[in-house]
Amino acid sequence: MYYDFLLLGHLVWNLPLLVLLIGISFLYSYLIKRYTDVRLFNKQPIFFFLSLCLICLILGSPLSAFSHLSLSLHMIQMSILYFIIPPLLLVGIPPQLFARAIRTSLLQKIGKLFLTPKLALMLFSALFLLYHLPFLLEYLSQAPLIQSIYLCILFILSFSLWWPIVSPDHRQRLYKKQKKNFILLTMLMPMPACSLFILSAFIDGVQNPYLNQLAVLLCLPTNSNSLDLLASPFHSKYDPLVAGTLMIGIHKSGIMLSTRLVKK
């Protein structure tokens, strides 16, 4: 029963995030109607609103609490946040609206702060791997504000990864061989984090200090006598194997989705 009450304490709505997402939705709708000929039920607005709904679902709704139940569910949350939502958001921005917005001085200054895609990819991969090392995760878990900033940096960097593929500005997209090489690089760079999870599955959980510490820091506490809310392979030594495999699968799905959503 203790674990039920512990989970229940996480089943809340993130009201500030919901207010922010609603505000973004109204602003987007207003700009679409005023500055473009795109209708709200067209493909691009649907993708944009879908990405906002996913953010609400995995970060702002009570369902976000389930990411604390296992490493696999945690990696599903992280993978959707960084590999599915950014390309959907970028695809959802009409070129006319982006061309008008980029002319503003504020966005021009912000654009200068962005790293090149390859450098952003390297930095993202390093920070993502470090986040899942127990010594850093333990520190971040004790400093929620710093942890939120860290995750926001990862989210911002993730846009740089997808920019050469689904940029609203067609001139900034990569094509043919350059695009294939960059996609291959994006598929290889996150592999260290995935490999860390997969290799952990082949070491007995009781004798694996990395896996034990990570489960304590990322997930609600569990033991053999507690009520398992999830069936096998959750709460088992196969959980990290599933986590790493899911991350690879969702990442590849994000690449396939993004390449199909944009015109060649």
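This is a predicted model: local features need pLDDT of at least 70, side-chain atom pairs count only at pLDDT 80 or more; totals for chains, interfaces and linings use all residues.
## Annotated segments

An unreviewed UniProt entry gives the feature "transmembrane region" at residues 12-32, 44-65, 71-93, 113-133, 145-163, 183-203 and 241-262. These annotations may be inferred rather than shown by experiment.

Two of these segments can be set against the model. Residues 145-163 are 100% helix and 0% strand. The end C-alpha atoms of that stretch are 28 Å apart. Residues 241-262 are 95% helix, again with 0% strand. Here the end C-alpha atoms lie 32 Å apart.

## The largest nonpolar core

The largest nonpolar core holds 57 residues. Tyr 82, Ile 85, Phe 124, Phe 128 and Trp 162 touch the most other members. Helix α4, residues 71-91, supplies the largest share of this core, with 13 residues.

Phe 124 has contacts well along the chain from its own position. Leaving out residues up to four places away in sequence, Phe 124 touches Tyr 82, Phe 83, Leu 154, Leu 157, Ser 158 and Leu 161.

## Aromatic pairs

The whole structure contains ten aromatic pairs. One of them joins Tyr 28 and Phe 48 in a stacked arrangement. The ring centres are 3.9 Å apart, with 5° between the planes. This pair links distant parts of the chain, 20 residues apart. Tyr 28 sits in helix α2 (residues 15-35), and Phe 48 in helix α3 (residues 43-60). Tyr 28 has a relative accessible area of 5%, so Tyr 28 is buried. Phe 48 also counts as buried, because its relative accessibility is 9%; the cut-off is under 20%.

Tyr 82 and Phe 124 form an edge-to-face pair. Tyr 82 counts as buried because its relative accessibility is 0%. Phe 124, at 1%, counts as buried as well.

## The ring cluster

Ring pairs link Tyr 82, Phe 83, Phe 124 and Phe 128 into a cluster. Tyr 82, Phe 124 and Phe 128 are also among the residues that touch the most other members of the largest core.

Conventions. Residues are numbered from 1 along each chain as its sequence is written. Side-chain values use heavy atoms; hydrogens and water are left out. A nonpolar core is a set of buried Ala, Val, Leu, Ile, Met, Phe, Trp, Tyr and Cys residues joined through side-chain atoms within 4.5 Å. Buried means under 20% relative accessible area, exposed over 50%, partly exposed in between (1.4 Å probe, protein chains only). Helices (H or I, at least four residues) and strands (E, at least two) are DSSP runs, numbered from the N terminus. Contact means heavy atoms within 4.5 Å. Rings of Phe, Tyr and Trp (its six-membered ring) pair if their centres lie within 6.5 Å; planes under 30 degrees apart count as stacked, over 60 as edge-to-face and the rest as tilted.
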